[in-house]
Amino acid sequence: MTGACLCGAVTLSVAHHEGGVHACHCRMCQRWTGGVYVMVPVAPEDVKIEGPVRRYRSSSFAERAFCGTCGSHLWLRDDGAEYELMPGLFDAAASLPLTSEIYVDRALKALSLAGDHPRRTRAEYEAENAFVPKENLP
C-alpha cells in the first residue's frame, strides 16, 4: 500500500499489514480526530515514511504524528510498538474491513459502527492493558 497526506508532502509505503481496520472511541482519540479514531496496524519494519513529519507526545505512553505542512493526521504509536496508521492516507484501505472496536461505551451517538467484530468497553480494554494510565482517558 502506498499513501500520502492531504498535500502530498508526507508519503508512506507499507510492505505488509494485517488486513483490517481498528477503531477507538476514547476521549483522547475523539479530541484528536473529532469523532472516532480508525487505524491500520503496521510493524515498524514494514513501513517507510518520508516527508515533514511532526510528532506530539499525547500521553506518557504514546505519540501522535501529523504532516508538518498540511496537518494531516498520520499515526498513533505506543512506545516501541507498531504504527497505527490512518487508513484514509491509503486508497487501497477503502476495502479493508473493520475488525475491532474499543471504548464502545464512550462512542459518540452519531458514530455507531456497524459490523460483526469484537467490541470492548473502557473497563474491558483497560483491564487487558494495565499500561494505560487512567488519568489520561477521562
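Visitor: Which residue of β2 stands opposite Ala 4?

Guide: Thr 11 stands opposite Ala 4. The model is predicted, with local features needing pLDDT of at least 70, side-chain atom pairs pLDDT 80 or more, and totals for chains, interfaces and linings using all residues. Residues are numbered from 1 along each chain as its sequence is written, and side-chain values use heavy atoms, without hydrogens and water.

Visitor: What makes β1 and β2 a pair?

Guide: Pairing needs at least two DSSP bridges between two strands. Three bridges join β1 to β2 (residues 11-14), and the two run antiparallel. So β1 and β2 count as paired. Strands here are DSSP runs of E, at least two residues, numbered from the N terminus; helices are runs of H or I, at least four.

Visitor: Why are β1 and β5 called edges?

Guide: The open sheet has three strands in the order β1-β2-β5, paired antiparallel. β1 (2-4) and β5 (47-50) each have a single partner strand, so one side of each lacks a neighbour in the sheet.

Visitor: How do you know how many disulfides there are?

Guide: A disulfide is a pair of cysteine sulfur atoms within 2.5 Å. By that rule the count is zero. For Cys 7, the nearest cysteine sulfur is that of Cys 5, 3.7 Å away. The sulfur of Cys 67 also has its closest cysteine sulfur in Cys 5, at 3.7 Å, which is too far for a bond.

Visitor: Are Cys 7 and Cys 67 buried, partly exposed or exposed?

Guide: Buried means under 20% relative accessible area, exposed over 50%, partly exposed in between (1.4 Å probe, protein chains only). Cys 7 has 40%, so it is partly exposed. Cys 67 has 1%, so it is buried.

Visitor: What makes β7 mostly covered?

Guide: Five of the six residues of β7 are buried. β7 pairs antiparallel with β6 (residues 53-57) over five bridges, and five bridges also join β7 to β8, again antiparallel. Arg 57 has Glu 63 in β7 as its bridge partner. Phe 66 is partnered by His 73 in β8. Four residues link β6 to β7 in a hairpin.

Visitor: Which residues lie nearest the centre of the largest pocket?

Guide: Met 39, Asp 78, Glu 84, Ile 102 and Tyr 125 do, out of 28 lining residues. Elements giving two or more residues to the lining include β7 (62-67) and β8 (73-78). The pocket holds about 490 Å³ of space. On a 1 Å grid over the protein atoms alone, a pocket is an open set of points where a 1.4 Å probe fits, with protein on both sides within 12 Å along at least five of seven lines; lining residues have an atom within 4 Å of a point.

Key: Points joined across faces, edges and corners; volume = space filled by probe spheres on them.
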